[in-house]
2 protein chains.
Amino acid sequence: MSGRTARRRVTMAEVARAAGVSVMTVSYAYGQPGRVSDEARARVREAAERLGYPGPHPGARSLRSGRTGNLGVVLGEHLTYAFDDPQATRFMSGVAQVCADHGMALTLVPITGGPADVDRVTEAAVDAFVVWTTADDDPVVDAIVATGLPAVIHGGPRREGLSFVAADDRAAAVAVGREVFAGARRPGVLSFPLDRARVSRLGFGASPAHTSGEVASSPASAGFGGAAPSDTGPSPEGIDPDASTFRVTRQRLRGYRDAWTGTGGDWSRVRVAVCSTNSASEAEALAAELLTGPHACDAVAAMGDELALGVLRAASRLGLTVPGDFTLSGWDDSAAAAPAGLTTIAQSLRDQGIRCARTALGVLAPADRDSEVPWTLIRRESTRRP
Amino acid sequence: MSGRTARRRVTMAEVARAAGVSVMTVSYAYGQPGRVSDEARARVREAAERLGYPGPHPGARSLRSGRTGNLGVVLGEHLTYAFDDPQATRFMSGVAQVCADHGMALTLVPITGGPADVDRVTEAAVDAFVVWTTADDDPVVDAIVATGLPAVIHGGPRREGLSFVAADDRAAAVAVGREVFAGARRPGVLSFPLDRARVSRLGFGASPAHTSGEVASSPASAGFGGAAPSDTGPSPEGIDPDASTFRVTRQRLRGYRDAWTGTGGDWSRVRVAVCSTNSASEAEALAAELLTGPHACDAVAAMGDELALGVLRAASRLGLTVPGDFTLSGWDDSAAAAPAGLTTIAQSLRDQGIRCARTALGVLAPADRDSEVPWTLIRRESTRRP
DNA sequence: CCGCATGTGTGTAACGATACACAAAAAGTC
DNA sequence: GACTTTTTGTGTATCGTTACACACATGCGG
C-alpha cells in the first residue's frame, strides 16, 4: 500500500527558483556557505527543506569539481580481511581516524582475488588510494598507478608513482631471528604465503640458482582459494626467500636467514613451513609438523603473532613447553602476545595507517613521504632459553 | 625532477576516435562488454591502453546512470568504531562479504559526533545505506531517510522508510537476567550509554512519572566527547529504562527489569551503572563501585562481553571470585567469553551484517525485510551460583 | 572624491559519461 | 526466398552540478 513512489530527484534549479535566487547561490550555499549572505543561505535552506531537496548530487558534483570526498583503500586480500584480520583492522583504524579528521568518507574497494578486481579499482570514485601490502605481480597495483591518483602503499611492492611506507622488515627479522635462534640447533620458520598462489607447504631453506635482486618473478595466476593441496611439480622442498613475491614475506625470510647464517648456520637446514593464510588454526597444523619427527625444531620464528599462537596451541597439544622444549617468536605485538609471554616485533600499525592516509591526502609534508617506520624488539619469556 | 605532470584526463571520445569506433561503442565496451563484438572490444581496449585512458569517470557515470556501485555504512559512533569495536567489526565483516559478492564498494561515512555528520551523509555517493544502531533523536537518521535511498538499520531506531533488523533484545535480556539474577539479593546492571550525551553515572533503577511508550524524548545535544563529568541537575540516581534513547539499551534495561521484578524484586533497589563507552577499562572502574560498599552487588548483568570482562578484572583486583562472590553475565558471546566461562547471549553479528547488506541491496525477498534475528542464551560458569 | 579591497549575486559553459531510439547486418525459421 | 529475430554499431540529448568571469554594492584610507 505505502509503496515508495519513485520520486524524481529535485534539482538545484528548482530550489533556486523557489528561493528566488540564482542557481549559483544555491550551489554556494551548500559548497561554500561563507560565500553567500546569511539571509540568502537561510532562504535556500528553507526552500530546499520545503521541496525535499536532498543536497547536491554527489556524482554531478564530482564530475564538475573533480573531487569525490572519498579515500579509497585497497587490500591485497579479500574485502572481509579489513575486518577479520587483527593487524589489518588496526591499520584501518588509523586510516579511519584520518578520514574522520578530514571529513572524508572511507571507501573499501571490493577485492575478491578474481579478475574483476582491476575493474573495481578503475571504477572507484576516490581522490586517493591507500594500499595494503600485496604481491609484486598483482595487477591491481598497476590499475592503481594507471588512475594517476595519489596513492600510498603499505608494505610493498615499491612502484614508481606510489609512495611507500613500511618498517625495515629485514632488519627487524634479523633482530628477532637472532633472539629466537640463539642457542638453537634445529631452527624453523613459520612463514606467510610466498606468492599469490598462496600454497601452504613444508620444506627447507634454499638459495636460487643465480642470485637475484629485489624483485622476483612468478607465474601470475589464481585467486585466493586456489591453493592446490599437493604440488606434484619439481621438488617443493627448497624455499628461497628471494623467490617470494610478497615484499614483506621476502624481507622477513631474508632477515631470518641472515640471522641464522650470521652465526655460521646453514640456511638449507632450516625447516620452513608456509601458511596459506594468516590464521592460528592452519599454523597449528603446520606447527605440529615442525615440532615432531627426527628434525623437530627447537626454535620457531613465526611471521605473525596469530601464527605463533597457533604454534603454542600445537605445543600444548603435543605436551611441549615454551621455552623449555623450543623457543618461539611472533610479530606485531598483538593483544594476546603479552599474556602469552611471546617475544615479538612491535610496530604501531595504527600509526602507519595514519601516516599512509595523511600522505595520500597530501596533508603530510613531502619530506615525510617514502618513509620507514619504527619497530622494536620485545623480549619475553618465549625466547628465554633455560 | 620527475614531478608528476598534471596530465589531463583522457576522455572516452578520444579513445573512440583512436579506435575508429563511436563513443557509444567505447561506453558499451566498458559497461556492457557483451553488447559489443569481441573485435570491437579488443580495438577499444588497445586504444585505451595506448592513450592511458583510465576507464569511465565514476562521477560522470553515476550522474548519468544513477548508480554508484557503493554501499554506504553509517555508524552511530565515531568512524574508527568500525574497526575498534569487536562487535561492530563482526557486523562489518558480514557487510563486507555481501559487498564483495556483488562487486560493490563499501563506503564508510565519516561520523564524528559533530554537526557536520548530517552533511557527510547527504554528500555520500552511495546506492543504499546500512546503519548501525544509534539514538532515536540522531539527526543523521533523518538525513538518511531524506536521501530517499534504500536503507536498513540494525538495532534501532525504527523509522518509517527504513528497514529494520534486530534481535528481540528485551526477551533476550529477560532470559539472561533471570539466569544471572537467580538467587541474588542485591542485583546490579552495567549498561551502555542511555542517550547521545553518553554520560557515565551510577544510580538505582527508577520508573518514569507517567508510563511511556516505545519512544522517549531527550534533549538532543552534544557529540561523543561531551560527557559532562558531573551532572548537577536533579537527582542523578533514578535510571529509567524507558528514558533511554538508544533502542538496544532501552530494551535490554527493560528486559533486565522484567527479569528482576518478575520474581517479586523491586527495580528501584537494583544498582545501575552506566558506561559512556563500550570499553573494558571504564567498566572496570564502574564495577569497582558496584562490587564494594554496603550495597555490594551479588549479581551483575552487563550489556556487553567487553563490559563483563572489565567486571572480571575489577573482581580479580578486589579479590572477589565469580560465581563465588557474585554472578555475572555478558552479551554477544565474543571470543573471550568462552575461555572466561561467561554466561552470555549469543547472536551472529556477522549474519546480521549480511542480512542488512542484502536487504539494502535489494537481493533479499521483501518478505525477509523488517526481520527479527535469532539469539541464544549460553549458560556458563559465571552464573552457576554455588 | 578617487582608488582599491572586500562581499555578494548572477549567467554561461563545460565536466564525461550513458539511456534511448534507431539502423544495418547477420542469423535463424518455415 | 520472405520473414522474423538477434547481434552490433551509431547519433543525440541530456544527467545536475561547479568553475569562471563578471557586475555591482559597500567600506575605507588618503
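Me: How do you know which residues and chains are meant, and what makes a feature count here?

Reply: Residues are numbered from 1 along each chain as its sequence is written, while chains are lettered from A and ligands numbered from 1 in the order in which they are written. This is a predicted model, in which local features need pLDDT of at least 70 and side-chain atom pairs count only at pLDDT 80 or more, whereas totals for chains, interfaces and linings use all residues.

Me: Why are H9(B) and H10(B) called oblique to each other?

Reply: Helix H9 (residues 169–181) and helix H10 (residues 247–261) of chain B have axes that come within 7 Å and cross at roughly 40°. Helices are DSSP runs of H or I with at least four residues, strands are runs of E with at least two, and both are numbered from the N terminus. Axes are lines fitted to C-alpha atoms, for helices over the stretch in contact, and angles run from 0 to 180 degrees between N-to-C directions. Angles under 35 degrees count as roughly parallel, over 145 as roughly antiparallel, 65 to 115 as roughly perpendicular and the rest as oblique. H9(B) and H10(B) are therefore oblique.

Me: What is the handedness of the crossing of H9(B) and H10(B)?

Reply: The crossing of H9(B) and H10(B) is right-handed. The term applies if the near helix is turned clockwise from the far one by less than a right angle, and left-handed applies if anticlockwise.

Me: Which residues of H9(B) and H10(B) meet?

Reply: From H9(B), B:Asp169, B:Val174 and B:Phe181 are among them, and from H10(B) the list includes B:Val248, B:Tyr256 and B:Trp260. Contact requires C-beta atoms, placed from the backbone, within 7 Å. By class, this contact has nine nonpolar, three polar and six charged residues. Ala, Val, Leu, Ile, Met, Phe, Trp, Tyr, Cys and Pro count as nonpolar, Asp, Glu, Lys and Arg as charged, and the others, Gly among them, as polar.

Me: What makes H6(A) oblique to H13(A)?

Reply: Helix H6 (residues 86–102) and helix H13 (residues 349–361) of chain A pack at an angle of about 40°, with their axes 7 Å apart. That makes H6(A) oblique to H13(A). Their crossing is right-handed. The contact includes A:Phe91 and A:Val98 of H6(A) and A:Ile354 and A:Leu361 of H13(A). Its residues divide into ten nonpolar, seven polar and four charged.

Me: How do you know which are the edge strands of the sheet of twelve strands?

Reply: The open sheet has the order S13(A)-S5(A)-S4(A)-S3(A)-S1(A)-S2(A)-S2(B)-S1(B)-S3(B)-S4(B)-S5(B)-S13(B), with mixed pairing. Strand S13 (371–373) of chain A and strand S13 (371–373) of chain B each pair on one side only, and these are the edge strands. Neighbouring strands are turned by 20° against each other on average, direction ignored.

Me: What makes S2(A) and S2(B) a pair?

Reply: Two strands pair if DSSP finds at least two bridges between them. Strand S2 (residues 105–108) of chain A and S2(B) have three bridges, in the antiparallel sense, and the partner of A:Thr107 is B:Thr107.

Me: How many residues does each chain give to the contact of the two chains?

Reply: Chain B and chain A each give 43 residues. On the side of chain B, H6(B) gives the most, with seven residues. That side divides into 21 nonpolar, 18 polar and four charged residues.

Me: Where does H10(B) pack on the sheet?

Reply: The open sheet of six strands in chain B has the order S8-S7-S9-S6-S10-S11. Four bridges join strand S7 (residues 201–205) to strand S9 (residues 271–274) of chain B, which run antiparallel. H10(B) touches strand S6 (187–191), S7 and strand S10 (299–302) of chain B, and its direction makes about 175° with that of S6(B).

Me: Which residues come nearest to DNA strand C?

Reply: A residue is near a strand if its C-beta atom, placed from the backbone, lies within 6 Å of it. Of the 24 residues around DNA strand C, A:Ser22, B:Met12, B:Ser27, B:Ala60 and B:Arg64 come nearest. DNA strand D is surrounded by 26 residues, the closest being A:Met12, A:Ser27, A:Arg64, B:Ser22 and B:Ala40.
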